[in-house]
Amino acid sequence: MNVAFGVWISLAIYFLLMIAIGVYAYFKQKNDVEGYMLGGRNLGPAVTALSAGASDMSGWLLLGLPGYMYASGVVSIWIALGLTIGAFANYLIVAPRLRVFTEVVDNAITLPDYFSNRFHDTSHLLRIMSAVVIIVFFTVYTAASLVAGGKLFESSLGLSYSLGLWVTAGVVVAYTLFGGFLAVSLTDFVQGVIMLIAMILVPIVAFTEIGGVGEGLAVAKMTNPQVFNWTNGVTLAGIISLMAWGFGYFGQPHIIVRFMAIRSVKDVPVATAIGMSWMIVSLIGALMVGLSGVAYIAKTGMSLNDPETIFLVFSQVLFHPLISGFLLAAILAAIMSTISSQLLVVSSSLTRDVYKLFFDKEASESRQVLVGRLSVVLVAIVAIILAADSNSSVLKLVSHAWAGFGAAFGPLVILSLMWKRMNRNGALAGMIVGALTVIVWVYGGFEIGGQPANDAIYSILPGFGASFMTTIVVSLMTSPPKDFIVGRFEQMEKMLK
């Protein structure tokens with residue numbers, strides 16, 4: 001079979017499946033705001049878990065983490081460990097409380113909705129500030145994901161970068177536009193399954209090709225003596241910084257919105273078990289792809305200019321064209337699951353926190369859904385424009401978006417769910433300080449020990465800490481929340497028992 005033909009057959013099947021799911025979701029869901037933006041709060045635990053995982057990991061799981069293991073060795077495990085702990089804590093702390101509290105506070109649909117309703121912010125400052133953060137950062141984040149899709153088509157299929165950009169965006173917009181949150185979640189579920197199969201299949205075949213795991217590890221150690229060095233050039237502060245990636249989970253809107261949509265708080269434990277199992281197996285698989293890559297490249301005498309392409313190399317040299325197409329679809333699945341989630345979060349914020357707030361306070365349910373669909377197209381077009389240059393400097397900003405969201409929203413989400421004394425002023429101050437700390441830490445030109453501050457200590461650590469402390473201090477220094485706000489908090493706690 002012609003290689004290119006086989007790959008395109010697999011990709012065509014994948015694209016058609018994604019669009020078919022979008023059509024199914026269009027007819028399945030209710031044509032109201034809660035249906036379009038939260039799937040009617042009726043997601044099962046498996047869909048919730050894999051949807052959250054797939055939208056979280058993106059292409060980083062199949063490209064970035066294997067490349068990090070290939071280049072640096074087992075020191076890369078620290079970041080995987082930090083992410084695992086962070087994700088587990090997110091399920092334990094945030095998921096059940098957010099699911100209940102968003103209904104208690106006037107059925108909040110978006111994260112800015114929740115912040116505003118939680119603190120009864122009649123000034124709308126919380127809603128506006130959080131919406132601005134989401135719209136700006138996620139539009140840019142979406143652009144970066146489209147860049148990854150364009151480059152994948154260019155490097156693996158020989159197509160032009162711009163065509164790859166439009167194909168990736170076109171398929172994602174098609175199912176997100178019509179199917180809304182339900183389509184995004186169902187496609188994420190399928191994409192999560194594809195990613196999991198790929199993360200199990202590739203390292204097994206790669207190690208088999210080089211004589212088994214034992215032989216592979218021996219060759220890897222001989223090739224790079226530092227491959228099994230747990231601290232390989234990294235200080236204690238560096239290890240803490242790697243693990244600090246886990247703090248980001250508490251503030252990622254496209255992840256925690258899944259907790260708002262799960263069918264019942266009783267489903268959270270099952271979702272936790274499924275989600276964490278998927279994550280642990282996928283992370284181990286990604287690390288093994290990188291480790292087997294060290295041995296395979298050395299044993300075959302191949303050259304590898306970019307460590308992050310090791311998964312692509314394996315997909316092309318070890319498998320039948322149809323399987324190669326499936327593995328490329330796995331990368332696209334990782335990329336597209338994140339794009340669709342980001343598009344929907346931004347469109348929801350544009351609809352609820354901009355259009356309805358400023359332009360049409362009495363907008364009907366159907367009108368809000370229409371605006372949401374138009375917003376998906378608008379954000380996608382802006383993202384395509386930003387991604388038109390594959391070397392766009394926008395990618396530098398996106399590399400810090402995880403820290404920005406984690407620092408701006410993470411402490412706010414945790415404290416709002418755990419501390420009834422927290423007030424609107426503390427929430428607003430903490431959000432602003434967290435975001436500004438990350439920006440200043442990254443772009444302020446500061447150095448620690450002769451290296452850029454962000455290289456020495458990941459910006460989410462100072463950002464998260466500053467935001468957390470600011471929220472507490474300002475809340476205690478200003479008036480306590482009104483009795484009915486405290487009453488809602490206590491109602492949430494009772495419902496959880």
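Reply: Thr-470 is buried, since its relative accessible area is 18% and the cut-off for buried is under 20%. This comes from a predicted model, not from an experimental one. The residue sits in helix α20, which covers residues 460-477. Leaving aside residues up to four places away in sequence, Thr-470 touches Ala-429, Gly-430 and Val-433.

Helix α20 also takes part in the packing around another helix, α10. The buried residues of α10 pack against α20, and also against α4 (64-72), α5 (77-104) and α19 (453-456). Helix α10 spans residues 236-243, and its buried residues are Gly-238, Ile-239, Ser-241 and Leu-242. Viewed down the axis of α10, these buried residues fall within an arc of 160 degrees, so they line one face of the helix.

Arg-488 lies in helix α21, residues 483-496. With a relative accessible area of 17%, Arg-488 is buried, because the limit for that class is under 20%. Not counting residues up to four places away in sequence, Arg-488 is in contact with Phe-101, Val-104, Val-105, Asp-106 and Asn-117.

Now the whole chain. The protein has 21 helices and two strands. Its radius of gyration is 22 Å, close to the 23 Å that the globule rule gives for 497 residues, so the protein is as compact as a globular protein of that length. Along the principal axes, the C-alpha atoms fill a box of roughly 70 × 55 × 45 Å.

Burial and contacts can be given for the protein as a whole too. Thr-470 and Arg-488 are both buried, and 59% of the 497 residues count as buried. Among contacts with a separation of 6 or more, 84% are between residues 24 or more positions apart.

To return to the part you asked about: Thr-470 is a buried residue of helix α20, with Ala-429, Gly-430 and Val-433 as its contacts beyond four places in sequence, and α20 is one of the helices against which the buried residues of α10 pack.

Key. Residues are numbered from 1 along each chain as its sequence is written. This is a predicted model: local features need pLDDT of at least 70, side-chain atom pairs count only at pLDDT 80 or more; totals for chains, interfaces and linings use all residues. Side-chain values use heavy atoms; hydrogens and water are left out. Helices (H or I, at least four residues) and strands (E, at least two) are DSSP runs, numbered from the N terminus. Buried means under 20% relative accessible area, exposed over 50%, partly exposed in between (1.4 Å probe, protein chains only). Contact means heavy atoms within 4.5 Å. The radius of gyration is taken over C-alpha atoms; the globule rule is 2.2 Å times the number of residues to the power 0.38. The arc is that of the directions from the helix axis to the C-beta atoms.
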